[in-house]
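Me: I am new to this structure and would be grateful for a close look at a single part of it. Please describe that part and how it relates to its surroundings.

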Amino acid sequence: MKKTEPDKTRDQVARTILEGGPATAAALAKKLAITPAGIRRHLDSLISEGVLTAKDPYQSNERGRGRPSKVFVMTDAGREKFEHSYDDLAVAALKFMASKNGEHLVNEFATSRAEDLIRKGDHIKTSSKSILEKTKALSKLLTKEGYSASTDKLGNGEEICQHHCPIAHVASEFPQLCEAETKAFSEILGTHVQRLATIAHGDGVCTTFIPNNISPHSTARVKEGAR
């Protein structure tokens, strides 16, 4: 059945959040050139369909005036509508391995995925570029791998934000995947990194903090999120 214009626009709104991460109604209206009233109608419809949910925005230590606007986030059900995956099969397979005293196989699988990422990021790992340049290069690599990543300044370092996670459903059952991925980031960048949030654990975006400079004395501060 052919989609109507409202249907196409509603899909475009959902796709924008899927690829760009959580966003406010105002940001979406501006990006898609839709009126505030129009974007609200589409967002309300997507929420009622279970594609999106509204959440309070991520709060930093810097507090501004006024009440922050809600951000709209893609739900697991929404991702399934837009992404054809074999998540259920993957979860079932990993659960089967674990149930047969194969927990070590699950860990090996997670490590194998991480090693694959490290191989793909070897050009970043071996380069003489700064941490900032390496972080941006890693963000581009992750985007190429389907994670829709971006970077942002955070405290005394940088933050990689992964707005989409192709394996979120699997990783929610097996956190070893996230842990191995974080170690891979550290290996590629050649420095300590800290995972602050993950889509697999219900956050709207996966975020990883990378300090510009690190020493044994600063490690404790990094573990507090450098906020």
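This is a predicted model: local features need pLDDT of at least 70, side-chain atom pairs count only at pLDDT 80 or more; totals for chains, interfaces and linings use all residues.

Reply: Phe109 belongs to helix 6, which spans residues 103–120. Its relative accessibility is 38%, so Phe109 counts as partly exposed. Between Phe109 and Ala180 there are 9.6 Å in space, C-alpha to C-alpha, although the two are 71 residues apart in sequence.

Leu105 is also located in helix 6. With a relative accessible area of 35%, Leu105 is likewise partly exposed. A C-alpha separation of 8.5 Å is found between Leu105 and Leu94, which are 11 residues apart along the chain.

The surroundings include a nonpolar core. The largest such core comprises 32 residues, and Leu117, Leu138 and Leu142 have the most contacts inside it. At least two residues of this core come from each of helix 5 (87–99), helix 6, helix 8 (131–144), helix 9 (168–173), helix 10 (176–189) and strand 6 (206–211). Helix 10 contributes the most to this core, namely 7 residues. In soluble globular proteins, nonpolar side chains tend to be buried together.

Leu117 shows what such contacts involve: apart from neighbours within four places in sequence, Leu117 is in contact with Leu141, Leu142, Ala184, Phe185 and Ile188. There is also a second, separate core of 17 residues, with Val13, Ala14, Leu32 and Met74 among them.

How values were computed: Residues are numbered from 1 along each chain as its sequence is written. Side-chain values use heavy atoms; hydrogens and water are left out. Helices (H or I, at least four residues) and strands (E, at least two) are DSSP runs, numbered from the N terminus. Buried means under 20% relative accessible area, exposed over 50%, partly exposed in between (1.4 Å probe, protein chains only). A nonpolar core is a set of buried Ala, Val, Leu, Ile, Met, Phe, Trp, Tyr and Cys residues joined through side-chain atoms within 4.5 Å. Contact means heavy atoms within 4.5 Å.
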